[in-house]
Structures are given as C-alpha cells and as structure tokens.
Amino acid sequence: MSKAFDRVSHMQLLKRLRDFGFGGNILNWFRSYLKDRRQQTTVLGATSSALPVTSGVPQGSILGPLLFLLYQNNLPNSINHSKIATFADDTKIYKVINAKADASAMENDLANFQTSCANANLLLNTDKSGHDRIPSKLLRDAAEVIAPSLSAIFNASINTGIFPEDFKIAIISPIHKTGSKTNCDNYRPISVLSSVAKIYEKLVTEQLEIYLETNHILAEQQAEFRKNHSTQTSLLNITNQWLMNMDKGLLNGVIFLDLKKAFDCVDHNILLKKCIVME
C-alpha cells in the first residue's frame, strides 16, 4: 500500500473502534488522542510552522501501529476465492491456478480488495511495478504456485518465435539530472517494465550470455555487462599498459569518448542483421 499509515481516515478509524465495542469515555479518549495533532518539519536547522494533521496514525507513536491494524482489519473479508496473508501494509493474495477460471477468480478477488482499499482511503503501491500492476514481491511470494503457468507462457513464446505484446509496454518516468527543467535533454528517462517480462528476459539473457561467451563472439575489449568483467578490470588492464609504456620512456596518447544516448540509438534492423550473422 502507498503511504498507508498516513492515509488512515480519523473518522473511519473512530467508526472502526465503535464497531469493535469501544464507547463512552474510552472512545472519547481516542477521539481526543487523534484530534488537533500538529507536526513541524526541521531541515538544516530551520523549523517550519506547526501544521494540523488531519489523517493518518501518529508518526513515531507507540499506539499508531496497533490502530492501523484495527483500521484495515476487515480488508481480508473482501477475498472470497483466494487466500490472503498480511504483514502491516504488505499483502499477499495467492491461489493454486489449475484452470482459466481459477485465474479469473483471483482477478475478481484482487478487484474486490482494491475496492475495499479505496473505500478505506488506502491505495495500492504500484510505483515499482509495470503497467500490469503486478509487484515483483507478489511474484516472489507466489513463485511456487505461478511458476508452471509462467513456464508454459515462456515456452510457448520461444516455440512460436513471438514475444508477447503485453511485455513490450514500459512506463517512463523522467528524472531531472541538471540544468534547466524546461529542457527535455536534462532529464533521464527511467523505464519500468512488467516484472513478469523481466523474469522472462532474465532467463533469455542467461542463455544468450552462455552462447556469446562460449563462442567468443563479444569483443574482448568490452568489459561492461559481462561476467568476470567490470569497470575495475578494464581500468586495471589499460592503466597497466600505460604504466608499462611509461617505464619504457614512451608517451601515451589517450582519447576518451562517450556515445551520446547510445542505448536509444540502436538500429533494430542492424541489430537483427548481426543476430543473423551469429546463427
């Protein structure tokens, strides 16, 4: 969930406490506990004015975490066909998938869970997932259940020679580097792909690396994105050569080059031609 502790509605929390049997002065105590809270921010020795806190459980408090558990206590009731496990604001929904109907039932449970979260003013955190909104943590936790299905999809893709269209969609977030914020060239694009797509690509990458290294296809001078190679190994190699030249009284001439937006300039047709040559 996204900023779950901060999104707790005080009105809904008090209603939850009432539903759990709290009343009279005990409920009034909790109402007073939440009411008229203020917080200040201190940065580099400067402190802001106090602003009212109108939602969320009190940050840094001892009671806050327990109040949050009470607040979201009914969320598991929205799951009808799957199983659910929660750890504070982290949730796992899982189910054995034997047929398409099982997957549909799980999707319905997810939709119901999202609706329950929205009704409680809680949002699912999708910042680190791709457009399919499947968090990588969910894939790790449910690996034993979903692995056979993913294997079938991956194998079908390889056998047909078709990469799934859904795996090609990326969510781009521009991150400012330096300079004017009105100049697009001063932003670095951060691409977030589907977690399922990255699992698939990792499997393909492992096989491709073995093929390239076994057949000595990659230029030996290239030290990036390769096992047993790094910036350190590259620097050690070339500085050793320079030092040997200096010991012989020779003068080193060095030119440093950096390709501009190299990854974005790769021509697909040329790349495919190189792949054909490797066959």
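User: What makes helix 1 and helix 3 roughly perpendicular to each other?

Analyst: The axes of helix 1 and helix 3 cross at roughly 75° and come within 9 Å. Axes are lines fitted to C-alpha atoms, for helices over the stretch in contact, and angles run from 0 to 180 degrees between N-to-C directions. Angles under 35 degrees count as roughly parallel, over 145 as roughly antiparallel, 65 to 115 as roughly perpendicular and the rest as oblique. The value of roughly 75° belongs to the range from 65 to 115, and helix 1 and helix 3 are therefore roughly perpendicular. The model is predicted: local features need pLDDT of at least 70 and side-chain atom pairs count only at pLDDT 80 or more, while totals for chains, interfaces and linings use all residues. Residues are numbered from 1 along each chain as its sequence is written, and side-chain values use heavy atoms, with hydrogens and water left out.

User: Which residues of helix 1 and helix 3 meet, and what classes do they have?

Analyst: On the side of helix 1 they are Q12, L13, R16 and L17, and on the side of helix 3 they are L67, L70 and Y71. By class, this contact has five nonpolar, one polar and one charged residues. Contact means heavy atoms within 4.5 Å. Ala, Val, Leu, Ile, Met, Phe, Trp, Tyr, Cys and Pro count as nonpolar, Asp, Glu, Lys and Arg as charged, and the others, Gly among them, as polar. A helix here is a DSSP run of H or I with at least four residues, a strand is a run of E with at least two, and both are numbered from the N terminus.

User: Why are helix 1 and helix 2 called roughly antiparallel?

Analyst: They pack at an angle of about 160°, with their axes 10 Å apart. An angle over 145 degrees counts as roughly antiparallel, so helix 1 and helix 2 receive that name. Their crossing is right-handed; a crossing has this name if the near helix is turned clockwise from the far one by less than a right angle, and is left-handed if anticlockwise. The contact joins H10, L13, L14, L17 and R18 of helix 1 to L27, F30, R31 and L34 of helix 2. It has six nonpolar, one polar and two charged residues.

User: How do you know whether L13 is buried or exposed?

Analyst: Buried means under 20% relative accessible area, exposed over 50%, and partly exposed in between (1.4 Å probe, protein chains only). L13 has a relative accessible area of 0%, so L13 is buried. This residue of helix 1 touches V8, L34, L67 and Y71, not counting residues up to four places away in sequence.

User: What term describes R18, and what term describes D36?

Analyst: R18, in helix 1, has a relative accessible area of 44% and is therefore partly exposed. Leaving aside neighbours within four places in sequence, R18 is in contact with L27 and R31. D36 lies in the loop between helix 2 and strand 1 (38-39). Its relative accessible area is 65%, so D36 is exposed. Phi of D36 is near 60°, a positive value in a residue other than glycine.

User: What makes a group of residues a nonpolar core, and which members of the largest one touch the most other members?

Analyst: A nonpolar core is a set of buried Ala, Val, Leu, Ile, Met, Phe, Trp, Tyr and Cys residues joined through side-chain atoms within 4.5 Å. The largest has 19 residues, of which V8, L13, L14, L67, Y71, F113 and L122 touch the most other members. Helix 1 (10-19), helix 2 (24-34), helix 3 (64-71) and helix 4 (100-119) are the elements that give two or more residues to this core. Helix 2 gives the most, with four residues. Apart from this core lies another, of nine residues, among them I146, F154, A197 and Y200.

User: Why is helix 6 called oblique to helix 7?

Analyst: The axes of helix 6 (residues 143-160) and helix 7 (residues 195-214) cross at roughly 60° and come within 11 Å. That angle makes helix 6 oblique to helix 7. L150, F154, S157 and I158 in helix 6 meet V196, I199, Y200 and L203 in helix 7. The residues of this contact divide into seven nonpolar, one polar and no charged.
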